[in-house]
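The following exercises are to be worked with the sequence and the model at hand. Each task is followed by a solution in steps.

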Amino acid sequence: MQFKLLSAVVLGALVTLPAAVSGNARVACGDGGEVITNTTFTANNKEFRVVTKACPGFVERRSLEKRVTSNNLLKRQYSICSYEATVVCEDLGAEPLLSGCEDLYDALVDYGSEEFYAPSDTLTTFTTSEDCIFAFANPSAYYYDVCYATVGELGLAVADDCFEYGGGVGEIASPDWYVEVYN
Ligand SMILES: *[C@@H]1O[C@H](CO)[C@@H](O)[C@H](O)[C@H]1NC(C)=O
């Protein structure tokens, strides 16, 4: 079951919708990928965990879609500090708890424009409890420097629209990335 909602963050036209990147990021990422980083930080007296994992499923999908046409692509790097997203609610399991999502938002927005590194074909998850998870997916051949605050803002926008459906995705057409919210 899918519901397309226009949230306040949607500035772009629907014609910019990406190919169906939505779905379950954990499944799309695939099994067996190396854990690249696994760290914690503390904010507002709560501990947050950040895990970046390699995604064999993303690599496979891109090779099937033959999207990589040049090795030059591999050298491209983007700074991701704003977005025009389409929010798609999906039943990804149990309802994310809004209070947990708000904790994540507060902690990530506190970082402001500080960035983390999201290599090609990776999934980076932010958790404070099992009640709400924000996952930043980079299923592209590009390298991204991502503002923590951007993940927080889009994550909360998705959570607000979608928590009662069991989660959702904020999809960005170009460059290719998304934030998935689930429990
Ligand atoms: C990250 O580290 C914690 C604590 O050592 C561990 O419990 C957890 O399984 C690790 N996560 C991954 C994905 O490796």
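**Exercise 1: Strand β11**

In β11, W177, V179 and V181 point one way and Y178, E180 and Y182 the other, and all of them are buried. The model is a predicted one, in which local features need pLDDT of at least 70 and side-chain atom pairs count only at pLDDT 80 or more, while totals for chains, interfaces and linings use all residues. Residue numbers start from 1 along each chain as its sequence is written.

Solution. 
- Step 1. Apply the burial criterion: a residue is buried if 20 or more other C-beta atoms lie within 10 Å of its own, exposed if 12 or fewer, and partly exposed in between, with C-beta atoms placed from the backbone. Strands (E, at least two residues) and helices (H or I, at least four) are DSSP runs numbered from the N terminus.
- Step 2. Examine the pairing, which requires at least two DSSP bridges between two strands. Strand β8 (residues 132-138) is joined to β11 by five bridges and runs antiparallel to it; F134 is opposite V181.
- Step 3. A hairpin of four residues connects β10 to β11. P175 lies in the loop between these strands, and the peptide bond from S174 to P175 is cis, with omega about -5°.

**Exercise 2: The open sheet**

Task. Determine the strand order of the open sheet of three strands, and explain why one side of β4 and of β6 is left without a neighbour in the sheet.

Solution. 
- Step 1. β4 and β9 run parallel and are joined by four bridges; Q77 has Y143 of β9 as its bridge partner.
- Step 2. Strand β6 (residues 115-118) pairs with strand β9 (residues 143-147) in the antiparallel sense, again over four bridges, and Y117 is partnered by D145 of β9.
- Step 3. The order is therefore β4-β9-β6, and the pairing is mixed. β4 (77-80) and β6 are the edge strands; each has a single partner strand, so one side of each has no neighbour in the sheet.
- Step 4. From one strand to the next the twist averages 20°, where axes are lines fitted to C-alpha atoms, for helices over the stretch in contact, and angles run from 0 to 180 degrees between N-to-C directions.
- Step 5. Helix α4 (residues 148-162) packs on this sheet and touches β4, β6 and β9; its direction makes about 70° with that of β9. Contact here means C-beta atoms, placed from the backbone, within 7 Å.
- Step 6. Compare the faces of β6: F116 and A118 form the covered face, E115 and Y117 the uncovered one. In a regular strand the side chains alternate between the two faces of the sheet.

**Exercise 3: The nonpolar core**

Task. Identify which residues touch the most other members of the largest nonpolar core, and which helix gives the most to this core.

Solution. 
- Step 1. Define the core as a set of buried Ala, Val, Leu, Ile, Met, Phe, Trp, Tyr and Cys residues joined through C-beta atoms within 7 Å.
- Step 2. The largest core has 47 residues, of which V151, V158, V179 and V181 touch the most other members. α4 makes the greatest contribution, with eight residues.
- Step 3. Beyond its neighbours within four places in sequence, V151 contacts L108, F126, F134, F136, V146 and V179.
- Step 4. Turn to helix α3 (residues 98-110), whose buried residues are G100, C101, D103, L104, Y105, A107 and L108. Their cover includes β2, β3, β7, β8, α4 and β11.

Methods
Contact = placed C-beta atoms within 7 Å.
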